[in-house]
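Subject: Handover of a structure and its findings

Dear colleague,

Please find below the structure that I am handing over to you. My findings follow it, arranged by topic so that you may check each one against the coordinates.

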Amino acid sequence: MKILVFGATGSQQFNVIGEAKKKGADVIAATSSESSFDKLARAGATPVLANLADADKINEITKDIDAIAFMIPVSLPNPFDGLQYSKNLIDAAKANGVKKIVWNTSGWVESKKIGSPVDDVKVDVQDYLKNSGVDYVIIEPTIYMENMMGPFCAPFITNEKKIAYPTPEAMPIGWIASRDVSAFVVEAIYNEDLKGDNFKISGLENLKGGELASAFSNGVGEEIVYYPQKAQEFGDILKPFVGEAGASSVAAYYENLQNSTEYPSKFNPKMNEILEKLPVKMTSLADWAKDNKGYFIK
């Protein structure tokens, strides 16, 4: 099995390499920067230089590929560029006879457009993929545990012993580990019965802010409290990393969330049914915090 991975330099797709190697796959990892070659090679992948904006190059590297693990780049200056990038990949996959595309959507896809560029483009990509004629599986994860490693959260844990996140304390979330999502992606690639399936996945624990802090505390062995971060503070910290437009869009989403009295679901209570089709050993929040204690507790 020859698998082409996009987004493997980031935390959300990096573990696809290792999970695919466990099954004996030959993994090719696309990156737009040669500086990432060593990291990808050490993980067991063959790096290839490619940019999703370059349709000819994407067509070239998808030849002789069996399956593609795909994700739209998170920090695009113009989120709507993600549609054209996706078209370039999907069209190349179809032209070259790729057997399956597994798309990690990096968040649950809305049922309709909501006025948020980051979310709305996913609706268009989903429609294009479903009508492409290429076999596909869509993996829709909730919020990554690895988000807590971001600059808007990790320093607060290290310096102030509090988890800073821009969701209300009363909002429950089924946090999921990146490695688990990557395992779902790989299982979906190898399950030949899955062709045109969507899976909304989450962790097995639906934790409010205080419960999140408690589980995290159990993992690291120190008392950590929850801090519902203001959306503007979150956006200001994020701005140098994703640009002003991207940060403003994300901050606006959390601002609306904080002003709401009803919260969107970020938990799938029927995960056991999904695990029957995609057998993945799930990671608890406490275990994840324990494994990553050295990152937070200095």
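A residue is called buried when its relative accessible area is under 20%, and exposed when that area is over 50%. Val 134 has a relative accessible area of 7%, so it counts as buried. Please bear in mind throughout that this is a predicted model.

Val 134 belongs to the loop that joins α5 (117-130) to β6 (136-141). Its C-alpha atom is separated by 21 Å from that of Asp 81, a residue 53 places away along the chain.

In general, most residues other than glycine have a negative phi. Asp 64, however, has a positive phi of about 70°, although it is not a glycine. Asp 64 sits in the loop between α3 (55-61) and β4 (67-70), and its relative accessibility of 64% means that it counts as exposed. Lys 161 also has a positive phi, near 60°. This lysine is in the loop between α6 (154-160) and β7 (162-165); at 29% relative accessibility, Lys 161 counts as partly exposed.

Helix α7 comprises residues 178-190, 13 residues in total. From its first C-alpha to its last it reaches 19 Å, which is close to the 18 Å expected at 1.5 Å a residue. The helix is mostly covered, with 11 of its 13 residues buried. Among the buried residues are Ser 178, Asp 180, Phe 184 and Glu 187.

Which residues lie nearest the centre of the second largest pocket? They are Asn 15, Glu 19, Ser 178, Arg 179 and Asp 180, out of a lining of 26 residues. The volume of this pocket is about 510 Å³. Helices α1 (14-22), α7 and α11 (285-291) each supply at least two residues of the lining, and α7 gives the largest share, six residues. By class, the lining divides into nine nonpolar, seven polar and 10 charged residues.

A search of the whole structure for cavities of 30 Å³ or more finds one. The largest cavity holds about 30 Å³ of space. Its lining includes Thr 167, Met 171, Trp 175, Leu 212 and Tyr 226. The lining has seven nonpolar, two polar and one charged residues.

The aromatic residues form the last topic. Across the whole structure, 12 aromatic pairs are found. One of them joins Phe 216 and Phe 296 in an edge-to-face arrangement, with 5.2 Å from centre to centre and 80° between the planes. Phe 216 lies in helix α8 (residues 209-220) and Phe 296 in helix α12 (residues 293-296), so the pair ties together parts that are 80 residues apart in sequence. Both of these phenylalanines, Phe 216 and Phe 296, are buried.

Finally, two lysines lie over the faces of rings: Lys 39 is over Phe 14, at 5.0 Å from the ring centre, and Lys 298 is over Tyr 295, at 5.4 Å from the ring centre.

Yours sincerely

Key: Residues numbered from 1 in each chain as written. Predicted model: local features only at pLDDT ≥ 70, side-chain atom pairs only at ≥ 80, totals over all residues. Heavy atoms only, no water. Helix = DSSP H or I, 4+ residues; strand = E, 2+ residues; numbered from the N terminus. Expected span 1.5 Å × (residues − 1). Buried < 20%, exposed > 50% of the residue type's maximum accessible area, 1.4 Å probe, protein only. Phe/Tyr/Trp six-rings, centres within 6.5 Å; stacked < 30°, edge-to-face > 60°. Lys NZ or Arg CZ within 6 Å of the ring centre and 35° of its normal. 1 Å grid on protein atoms, 1.4 Å probe; cavity = no way out; pocket = protein on both sides within 12 Å on 5 of 7 lines; lining within 4 Å. Points joined across faces, edges and corners; volume = space filled by probe spheres on them. Nonpolar A, V, L, I, M, F, W, Y, C, P; charged D, E, K, R; others polar.
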